[in-house]
Amino acid sequence: MSATNAPQKRKQPSPEPSSSKKPRTQENNNTLIGPHEATLEELAPAHNVLALSVLSSTQIRKRVSSATSHLLQKASGSRIVLLHARPADVCKMITVAEQCKRVLGEQGQAWHQYNELYDLPPESAKKKQKKTTSERVEVDEEAEEESDSDKGAFEAMESRFEKAVLPPPRVRTYKSLRIFLSHEAIPELKSRENVTVQTSEDTS
């Protein structure tokens, strides 16, 4: 058979890029916004709210641009920016807020800042505890190797009695900070418990 008549191999279509990352990203976003959904629903009927997360990979300049563009839009109704971050990124979020206030001041706009602590979801708290727990387990294992088997058995029995008699330990809650920015006062935020308020009207 001539080379021209030889059957040609069909070119296999290249596999489509995996979309496995997309659900993880969406799930991550859902986890981040989850603690704020109730507050957003409360504010939405009367205010135009933009929620922005601040992560370790977030570019400060872009976040400041997005926040100030939202607040400076000429439209009816009040506008609010919600900045939220995990504990490790709170300092970065504060930097974003400070730069936003500077831009608003340069534009001759008043600003109001509401700071509120909120409870982290259990998943985030578990991640925060993971390293501490693993270190404690290593210490316990070393102590167990140094002790004899009789002593270990006694401690195990003592631990069972403690669990049966003593009340369960308190569940520790972990908190982080969220910041609301607006160019006008928001009574719904000011009246919330444990909210601190800063405003350009108080500065000289």
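Which residues touch the most other members of the largest nonpolar core? Among its 18 residues, those are Val81, Leu83, Met93, Val96, Cys100, Ile179 and Leu181. A nonpolar core here is a set of buried Ala, Val, Leu, Ile, Met, Phe, Trp, Tyr and Cys residues joined through side-chain atoms within 4.5 Å. Buried means under 20% relative accessible area, with exposed over 50% and partly exposed in between (1.4 Å probe, protein chains only).

A quick word on the model: it is predicted, so local features need pLDDT of at least 70 and side-chain atom pairs count only at pLDDT 80 or more, while totals for chains, interfaces and linings use all residues. Residues are numbered from 1 along each chain as its sequence is written, and side-chain values use heavy atoms, leaving out hydrogens and water.

Helices (H or I, at least four residues) and strands (E, at least two) are DSSP runs, numbered from the N terminus.

The largest share, six residues, comes from α4. There's also a second, separate core of 10 residues, including Ile33, Leu82, Phe180 and Val195.

Now for how α3 and α4 pack. Their axes (lines fitted to C-alpha atoms, for helices over the stretch in contact) come within 9 Å and cross at roughly 45 degrees, with angles running from 0 to 180 degrees between N-to-C directions. That makes α3 oblique to α4; under 35 degrees would count as roughly parallel, over 145 as roughly antiparallel, 65 to 115 as roughly perpendicular, and the rest is oblique. On the α3 side, the contact (heavy atoms within 4.5 Å) includes Ile60, Val64 and Leu71, and on the α4 side Lys92, Val96 and Cys100 are among the partners.

Two residues are worth a look on screen. Met93 touches Val54, Leu83, His84, Ala85, Leu177, Arg178 and Ile179, leaving out residues up to four places away in sequence. His84 sits in strand β2 and is buried, at a relative accessible area of 4%. Setting aside neighbours within four places in sequence, His84 is in contact with Met93 as well as Leu32, Ile33, His36, Leu52, Ser53, Val54, Tyr118, Leu177 and Arg178.

Zooming out, the protein has seven helices and five strands, and 28% of its 204 residues count as buried. Among contacts between residues at least 6 apart in sequence, 83% join residues at least 24 apart.
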